[in-house]
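User: Please take a close look at one helix of this model and at the residues around it. I would like a connected account, with the cut-offs behind each term.

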Amino acid sequence: MRLGLISQVRKVWCSIGTKVIQKIQISYKYLYLHLAVDGLNGTLHWEWAENMKKETVIKVVTAWQNAGIDVIIWDGASSHRAHEVQKLE
């Protein structure tokens, strides 16, 4: 799941009647949540990540394997289909 913030700077102080022309700054900041649900034991495992690159996903999968998670069901994201990630499963 991708959580993000899209920020825009718009408010400025000026004299009444003065038209302000301001360059709008738009920035995008995202964090990614990797979530595992263990339905049999009723537990959740999660990891926050800065990106969805395969190297980051490998770290998450390795941490989950060390925590005792045996099976992972993925969607079709390209980082989930990476050869290095598939080898870990």
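Analyst: Glu50 touches Tyr30, Leu31 and Tyr32, where contact means heavy atoms within 4.5 Å and residues up to four places away in sequence are not counted. This is a predicted model, in which local features need pLDDT of at least 70 and side-chain atom pairs count only at pLDDT 80 or more, while totals for chains, interfaces and linings use all residues. Residues are numbered from 1 along each chain as its sequence is written, and side-chain values use heavy atoms, with hydrogens and water left out.

Glu50 is found in the loop between β3 (43-49) and α1 (54-66); helices (H or I, at least four residues) and strands (E, at least two) are DSSP runs, numbered from the N terminus.

In α1 itself, Thr56, Val57, Val60, Val61 and Trp64 are buried. Seen down the axis of α1, its buried residues fall within an arc of 135°, so they line one face of the helix; the arc is that of the directions from the helix axis to the C-beta atoms. What covers these buried residues includes β2, β3 and α2 (83-88), while Lys59 and Asn66 are exposed on the other side of α1.

Key:
Buried means under 20% relative accessible area, exposed over 50%, partly exposed in between (1.4 Å probe, protein chains only).
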